[in-house]
Amino acid sequence: VTGDITVADGSTIELSSDQQIMAPGGQLSLQSSRIDATDQLTIVAHSLDIDPLSSIDHVRNATIHGDAHIHGRLFSEGDLQLRVGGTLTVSSLGLLAAQRLNASVKGELAIVGGKVQAVATGEDVAYPFDCTENASAAVVYPLQLNASRLTVRSSGAIAAAAMLICTVNTSLDGGEVTAQELGDLHDSGKGNGLVESKDNVQGAGSGGGHGGVGGASGLLGNTSGQPGGAAYDGGECPGYLGSGGGGTQGGSGGGVIHLHATKVLSMKGGAKVEADGAAAGASGLTATARNGPVMDSGGGGGGSGGSIVLRARTIALPDAFPGQVTVKGGPGSKPSGGGGAGGRIRLQPLGGDWSGGRAPKQLLDYLLVNGGVGASNTGPSHPSSPGQTGSEGIVSGPPCHPGHGDALCLPCLPGQYSNGS
């Protein structure tokens, strides 16, 4: 149509596959209504407004030339390509979600209480962190966001197993960017935890490894404790998922967050950037293993933390910052599961290093890479030894000028020396 399209008063429009809604010069507005396509719906409009009681489902492509306001739901069970020529606002009840979501916003992407989410699982590959227009499509993040400015306010959230966020300026004002517990599942990943099963009894699982080695599991009856998962990943761009802990109740690893701001990355309020591994589940459950049913008696290993890379010209924090950036390992479960290792955080400046006040030194206080605690529940009813705590992960930065060190290239303290490597 040449004008506006309004769907209101509890109306429902049901469309078959490969249909189009075209209003290139007008507004598509939903008021207490629903548009539902079988699959592959394409939308083209000058502006879009979805109220809190409305939804558009099974969208494959949407091009909005002006502004878009999502107070309700814009959803796809498959891939969704979204292009917005103005500002995209996702409000407190809004949900923008797909299996894989690729959204490009020419103006500001403002998440003011709603959620932007991709629900596809990640891959066991090194995500490459390439924000250039000719970036290789060989590895596809479940969630890719491009915007001139990104604002995530209190109770707003971005969630995916692996995400690439490319902006000019990013402001995390009490919001959350999370790949929490969205990495590899139990017994999987490059540094997966291990477990021994014997006589239809599953022993204790060891913790997944990543930035460090996972915690070893303890002995349980006739089963042996197992070493923790191996460390892996590194270099200028950590890009692997965290690994799962050993055992059927092993925790999953953390995911991947790659956040790029060509100018300023600002964090304030209770802002959180999290890719922690999951805690192992409770023991005592019957599961199916390769040789038939086994009783999970030893507890699972914790999942390892994932990967976070913050790349910006400047990182800004208030003097008092209650938020955090975390890739912690998950704890093992009783009686003898090992803890997951911490993951990897990379602070990568655009040009040079972090010297000259481009990042406040207190930032290091809010970067958490702790390993998960090993479980201990020994005694007459549990003839076992405790699981071990996973190793700490790694916080890294660029090479520094001589006389400077740490991830932020801070001046060496008296009695210390750095050759710049």
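Modeller: A disulfide here is a pair of cysteine sulfur atoms within 2.5 Å. The model is a predicted one, and by that rule it has 2 disulfides. With the bonded cysteines numbered in sequence order, the pairing reads 1-2, 3-4.

One of the disulfides joins Cys131 and Cys166, with 2.0 Å between the sulfur atoms. The link of Cys131 and Cys166 is left-handed, at -80 degrees about the S-S bond. Cys131 lies in the loop between strand 12 (115–118) and strand 13 (143–153), while Cys166 belongs to strand 15 (residues 162–173), so the pair ties together parts that are 35 residues apart in sequence. Cys131 is partly exposed, at a relative accessible area of 24%, whereas Cys166 is buried, at 7%.

The other disulfide is formed by Cys400 and Cys409, whose sulfur atoms are 2.2 Å apart. The torsion about the S-S bond of Cys400 and Cys409 is about -85 degrees, so this disulfide is left-handed. Cys400 and Cys409 are both buried.

Cys237 and Cys412 remain to be described. For Cys237, the closest cysteine sulfur is in Cys131, and the distance of 9.9 Å is too far for a bond. Cys237 is partly exposed, with a relative accessible area of 22%. Cys412 is in no disulfide either; the cysteine sulfur nearest to that of Cys412 belongs to Cys400, 8.4 Å away. Cys412 is partly exposed, with a relative accessible area of 24%.

Conventions:
Residues are numbered from 1 along each chain as its sequence is written. This is a predicted model: local features need pLDDT of at least 70, side-chain atom pairs count only at pLDDT 80 or more; totals for chains, interfaces and linings use all residues. Side-chain values use heavy atoms; hydrogens and water are left out. Helices (H or I, at least four residues) and strands (E, at least two) are DSSP runs, numbered from the N terminus. Buried means under 20% relative accessible area, exposed over 50%, partly exposed in between (1.4 Å probe, protein chains only).
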